[in-house]
Amino acid sequence: MTGLSTVLIVVGLFLAGGVYSFTRQGMPKGVVVLLAVASGMCLLAGVLRIQGIWE
C-alpha cells in the first residue's frame, strides 16, 4: 500500500462521515450529494491504486 492510497482512503472515509453528519443536520441535498460523490471518488481511487490498476 502506498502513501497516496492511504491518504485517499482516509480522506474518502472522512468525507463519508461528513455525508452522514450533514444528512442528520438536514443540510441541503446538493451539498450532501456533492460530498457523497467526492467521498466515492476518493475511496475508488485509493482502492484502484492498491490494486495496481491506476498508477
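This is a predicted model: local features need pLDDT of at least 70, side-chain atom pairs count only at pLDDT 80 or more; totals for chains, interfaces and linings use all residues.
Two residues are said to be in contact when heavy atoms of theirs lie within 4.5 Å.

S5 has its place in helix α1. Not counting residues up to four places away in sequence, S5 touches G46, R49 and I50. Is S5 buried or exposed? With a relative accessible area of 1%, S5 is buried, because anything under 20% counts as such.

The wider setting is a simple one to follow. The protein has two helices and zero strands. Helix α1 covers residues 3–25 and helix α2 covers residues 29–51; their axes come within 8 Å and cross at roughly 155°. Since angles over 145 degrees count this way, α1 is roughly antiparallel to α2. The crossing of the two helices, α1 and α2, is left-handed. As for the residues that make up the contact of α1 with α2, 19 are nonpolar, six are polar and one is charged.

The protein as a whole can now be described. Taken along the principal axes, a box of roughly 40 × 15 × 10 Å is filled by the C-alpha atoms. Among the contacts with a separation of 6 or more, 63% join residues 24 or more positions apart. Of the 55 residues, 22% count as buried, and S5 is one of the buried residues. The protein exposes about 3900 Å², of which carbon and sulfur atoms supply 74%.

Technical notes: Residues are numbered from 1 along each chain as its sequence is written. Side-chain values use heavy atoms; hydrogens and water are left out. Axes are lines fitted to C-alpha atoms, for helices over the stretch in contact, and angles run from 0 to 180 degrees between N-to-C directions. Helices (H or I, at least four residues) and strands (E, at least two) are DSSP runs, numbered from the N terminus. Angles under 35 degrees count as roughly parallel, over 145 as roughly antiparallel, 65 to 115 as roughly perpendicular and the rest as oblique. A crossing is left-handed if the near helix is turned anticlockwise from the far one by less than a right angle, and right-handed if clockwise. Ala, Val, Leu, Ile, Met, Phe, Trp, Tyr, Cys and Pro count as nonpolar, Asp, Glu, Lys and Arg as charged, and the others, Gly among them, as polar. Buried means under 20% relative accessible area, exposed over 50%, partly exposed in between (1.4 Å probe, protein chains only). Accessible areas come from the Shrake-Rupley method with a 1.4 Å probe; for residues, only the protein chains shown count as cover.
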